[in-house]
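Let's take a walk through this structure together. Have the sequence and the 3D view at hand as you read.

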Amino acid sequence: MYTLEIAGIAIATTDADEAEAREIFESEDFLDDVRGFTSAGTPVWDGVSAFVVRPATEDEIDAFGEIEDFEEEDIEGEEADEFDEEGANIMFLVDIDQFDDEGE
């Protein structure tokens with residue numbers, strides 16, 4: 001598992017291998033999305049701050065596992081399989097304002 005860190009803050013974790021994690025986190029589409037996200041009203045990435053892709057810490061891996069367990073236990077039907085589908089899964093480690101707004 002690998003984590004995207006921007007300006008020293010862990011932003012997102014993926015269950016991808018290193019090559020795929022780099023491909024995801026360094027892609028223009030992903031970076032454009034992150035550039036547009038805010039957390040507590042502050043941009044997640046300003047488009048210029050350094051970012052690194054590094055191995056996930058034990059705490060990040062545990063948090064990812066908790067979400068995966070929640071998905072398996074609390075969602076029924078096709079959505080329950082969504083987290084387990086082939087391909088990489090991404091979990092944001094910061095609260096993204098836009099995600100909060102979607103549920104309102």
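**Rings, helices and charges**

Let's start at Trp 45, which counts as buried at 6% relative accessibility. Buried here means under 20% relative accessible area, exposed means over 50%, and partly exposed lies in between (1.4 Å probe, protein chains only). A word on what you're looking at: this is a predicted model, where local features need pLDDT of at least 70 and side-chain atom pairs count only at pLDDT 80 or more, while totals for chains, interfaces and linings use all residues. Residues are numbered from 1 along each chain as its sequence is written, and side-chain values use heavy atoms, with hydrogens and water left out.

Now for the rings. A search of the whole structure turns up four aromatic pairs; rings of Phe, Tyr and Trp (its six-membered ring) pair if their centres lie within 6.5 Å, and planes under 30 degrees apart count as stacked, over 60 as edge-to-face and the rest as tilted. Trp 45 and Phe 51 have ring centres 5.6 Å apart and planes at 85°, so this pair is edge-to-face. Phe 51 counts as partly exposed, at 26% relative accessibility. Phe 25 and Phe 30 make a tilted pair, 5.3 Å centre to centre with 55° between the planes, and both residues are buried. Ring pairs also link Phe 25, Phe 30, Phe 37 and Phe 92 into a cluster.

Helices (H or I, at least four residues) and strands (E, at least two) are DSSP runs, numbered from the N terminus. The buried residues of H2 are Phe 30, Leu 31 and Val 34. Seen down the axis of H2, these fall within an arc of 95°, so they line one face of the helix; the arc is that of the directions from the helix axis to the C-beta atoms. The face turned away from the buried side carries the exposed residues Glu 28 and Asp 29. Arg 35 and Asp 32 are three residues apart in H2, separated by about one helical turn.

Next, the strands. E1 (residues 2–6) and E2 (residues 9–14) pair in the antiparallel sense over five bridges; two strands pair if DSSP finds at least two bridges between them. E1 and E2 form a hairpin with two residues between them, and Ala 7 in the turn has a positive phi of about 50°. E2 is also joined by three bridges to strand E6 (residues 90–92), again antiparallel, with Ala 12 opposite Phe 92.

Which parts does the salt bridge between Glu 5 and Arg 54 tie together? The two side chains meet at 2.7 Å, N to O. Glu 5 lies in strand E1 and Arg 54 in strand E5, so the pair ties together parts that are 49 residues apart in sequence. Arg 54 is buried, with a relative accessible area of 18%.

Our last stop is Glu 60, in helix H3 (residues 58–74). Glu 60 is buried too, with a relative accessible area of 8%. Leaving aside neighbours within four places in sequence, Glu 60 is in contact (heavy atoms within 4.5 Å) with residues including Thr 3, Ala 10 and Arg 54.

Definitions and conventions. A salt bridge is a side-chain nitrogen of Lys or Arg within 4 Å of a carboxyl oxygen of Asp or Glu.
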